[in-house]
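We will go from stop to stop, and each stop tells you what to select.

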Amino acid sequence: MRHFRYFVALAEIRNFRRAAERLHMSQPPLTVAIRKLEQELGTKLFVRGPRGVTLTPAGQAALSFARATLTQADNFRSAVLEGTAGQRGRLRVGFVGSATYELMPRIIPAFREHYPLIDMTLEEATSINIARRIEAGDLDVGLVRLPLQESVAVVSRPVDRDELYLAVPSMHRFAASARIELADARDEPFIMSGPISVLRGTALLACQEAGFAPRISQDAEQINAILSLVRSGLGVALVPGRSASALPKGVRLIALEQKVAVYTGLLLPKSGAILAAENFASIADIEWISQRG
């Protein structure tokens with residue numbers, strides 16, 4: 001790279017003394033370096049004359065390549081520095097489906113604005129699978145339901161708060177109610193998230209605290225699927241209020257008299273989090289603080 005810089009400077013200025021001045025060096029080392037480069041290549045790059053130098057045909061052919069190579073070298077250096085600062089590279093984000101309603105539309109545009117050179121890969125999965133993959137190094141950061149239901153080597157913090165609502169078909173006897181005691185739904189068939197879902201555990205605990213064990217008629221992994229089953233009349237469901245933004249026609253959400261909080265959290269590996277993930281977490285924290293007031 002040093003010889004390429006010497007060659008380009010001399011080719012552009014056509015004078016050893018002035019080229020050496022541009023390169024912040026004395027003339028003799030520049031003369032020696034160009035001579036060695038020509039010897040290594042086995043051909044002359046310059047024709048020396050009393051008024052300076054001119055490029056030989058070989059030198060003319062090499063000039064555009066040398067300039068492009070130096071540009072690539074500068075780009076390489078910039079990429080290394082940006083990668084070190086977490087401004088360039090790849091970020092693998094795992095997320096639960098409910099994070100797509102409001103949380104991700106707040107975080108991702110802000111992150112893209114601040115870190116446009118990061119290549120993001122987004123993968124939907126369950127909370128525990130996301131946690132396991134972060135632990136294994138397959139994902140860099142996750143947006144999941146809290147609390148996690150098993151011990152995994154990750155660190156977590158809340159970045160969004162929501163409440164559970166009772167989802168019912170629009171023709172249901174509860175559909176006209178603005179609020180409801182959860183205990184009033186004790187005789188209803190319930191549609192629940194899958195067995196390893198954090199949301200399922202929260203819903204079951206809410207029913208238990210309301211004094212009953214729900215009769216589970218169907219399981220579904222995703223909120224959209226749960227709401228579709230509710231619409232089909234197969235039962236009622238406890239779902240986050242944020243799902244109202246994707247509520248299908250024919251389904252009503254009813255507030256609970258006793259509020260049941262549900263949290264979305266951000267996961268990072270316990271050690272070795274990449275800077276891009278830390279930067280993503282910082283954006284999520286800022287959004288969390290702004291949402292809380």
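Helices (H or I, at least four residues) and strands (E, at least two) are DSSP runs, numbered from the N terminus. This is a predicted model, in which local features need pLDDT of at least 70 and side-chain atom pairs count only at pLDDT 80 or more, while totals for chains, interfaces and linings use all residues. Residues are numbered from 1 along each chain as its sequence is written, and side-chain values use heavy atoms, with hydrogens and water left out.

**Stop one: a glutamate**

Select glutamate 38. Helix H3 (residues 27-41) holds glutamate 38. Is glutamate 38 buried or exposed? Glutamate 38 counts as buried because its relative accessibility is 4%. Buried means under 20% relative accessible area, exposed over 50%, and partly exposed in between (1.4 Å probe, protein chains only).

Now show leucine 45. The side chain of glutamate 38 reaches the backbone nitrogen of leucine 45 at 2.8 Å.

**Stop two: the rings**

Rings of Phe, Tyr and Trp (its six-membered ring) pair if their centres lie within 6.5 Å. Planes under 30 degrees apart count as stacked, over 60 as edge-to-face and the rest as tilted. How many aromatic pairs are there by this rule? The count is five.

Select phenylalanine 111 and tyrosine 115. This pair is tilted, with 5.1 Å centre to centre and 35 degrees between the planes. Both phenylalanine 111 and tyrosine 115 are buried.

Phenylalanine 280 is buried, as is phenylalanine 111. Show the three together: Phe111, Tyr115 and Phe280 form one aromatic cluster.

On a 1 Å grid over the protein atoms alone, a cavity is a set of points where a 1.4 Å probe fits but cannot get out. A pocket is an open set with protein on both sides within 12 Å along at least five of seven lines. Lining residues have an atom within 4 Å of a point. Grid points are joined across faces, edges and corners, and a volume is the space filled by probe spheres set on the points.

Start with the largest pocket, of about 250 Å³. It has 14 lining residues, and the closest to its centre are Ala206, Glu209, Ala210, Gln258 and Val260. Helix H7 (residues 198-209) gives the most to this lining, with four residues.

Next, the cavities. There are four of 30 Å³ or more. The largest cavity has a volume of about 190 Å³. Select Val96, Arg145, Ser197, Glu221 and Gln222, the closest to its centre of the 17 lining residues. Helix H6 (127-136), H7 and helix H8 (223-231) each supply at least two residues of this lining.

The second largest cavity holds about 50 Å³. Its lining includes Ser98, Arg145, Asp160 and Arg242.

**Last stop: a serine**

Select serine 228, in helix H8. Serine 228 counts as partly exposed because its relative accessibility is 40%.

Technical notes. A polar contact is a pair of N or O atoms within 3.5 Å; within protein, one must be able to donate a hydrogen and the other to accept it, and residues adjacent in sequence count only if both atoms are side-chain atoms.
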